[in-house]
Amino acid sequence: MAPGRSETPLTFLGIAGSLRRASYNRGLIRAAVELAPPGTRLIAYDLADIPMYNADVEAEGDPEAVIAFKQAIAAVDAMVVATPEYNHCVPGVLKNAIDWASRPARRSVLTDRPVAIMGASSGGGGTARAQAHLRDGLTYTNGLVLPLPEVLVGHAATKFDADGNLIDPATRAEVRDLLVALGAWTRRLRRADEAAAS
């Protein structure tokens with residue numbers, strides 16, 4: 001029997017809320033690219049070129065980097081976001097990217113987009129506060145945030161090498177489990193949409 005639409009391969013867009021080359025959260029996204037389970041692939045996206053959100057600039061038309069970012073989100077089935085935690089909050093580079101992507105409000109590329117969240121930090125909290133903030137923000141923009149599992153990588157210096165590559169086997173397994181769950185979540189939402197439309 002030919003595979004149904006819900007069994008077609010899935011593509012995820014991976015973004016890290018850090019611009020530092022050897023950041024732990026960029027390392028999480030690199031690991032996710034490597035660990036994508038069969039039937040899925042993950043494409044890493046760099047936020048470095050996205051300018052600060054300015055409604056005056058938006059009124060004149062989205063900058064090219066913003067257009068490219070929105071197109072990248074629209075072209076995939078789901079997103080994977082790795083967030084650092086700065087001062088108990090989501091870092092500015094990630095919040096800024098989400099602010100751009102959330103426009104126009106209620107009709108943006110984030111609407112009905114499945115999203116999985118993870119994060120790594122040098123402290124013991126593993127970005128729990130930042131992930132809570134991010135979850136709230138993405139839910140408000142009509143994103144469909146995967147409830148579980150949580151990937152909270154604390155004491156990251158013991159789990160990444162000097163180049164920011166994830167080397168801890170247990171954490172790598174957690175990242176893979178998150179991707180498996182995101183695939184199942186995305187297919188479940190797709191089936192629900194198809195049933196509603198039939």
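Helix α6 (residues 169-197) contributes the most to the lining of the largest pocket, giving five residues, where a helix is a DSSP run of H or I of at least four residues and a strand a run of E of at least two, numbered from the N terminus. The model is predicted, so to speak of local features we need pLDDT of at least 70, and side-chain atom pairs count only at pLDDT 80 or more, while totals for chains, interfaces and linings use all residues. Residues are numbered from 1 along each chain as its sequence is written, and side-chain values use heavy atoms, with hydrogens and water left out.

The largest pocket holds about 260 Å³ of space, and of its eleven lining residues the closest to the centre are Asp-77, Asp-112, Pro-114, Arg-190 and Asp-193. A pocket here is an open set of points on a 1 Å grid over the protein atoms alone, where a 1.4 Å probe fits, with protein on both sides within 12 Å along at least five of seven lines, and lining residues have an atom within 4 Å of a point.

Let me turn to strand β3. Five of the five residues of β3 (residues 78-82) are buried, so the strand is largely enclosed by the rest of the structure, buried meaning under 20% relative accessible area with a 1.4 Å probe, protein chains only. Ala-78, Val-80 and Ala-82 cover one side, and Met-79 and Val-81 the other.

β3 pairs in the parallel sense with strand β1 (residues 10-16) over five bridges, and with strand β4 (residues 114-120) over four, pairing requiring at least two DSSP bridges.

Technical notes: Buried < 20%, exposed > 50% of the residue type's maximum accessible area, 1.4 Å probe, protein only. Points joined across faces, edges and corners; volume = space filled by probe spheres on them.
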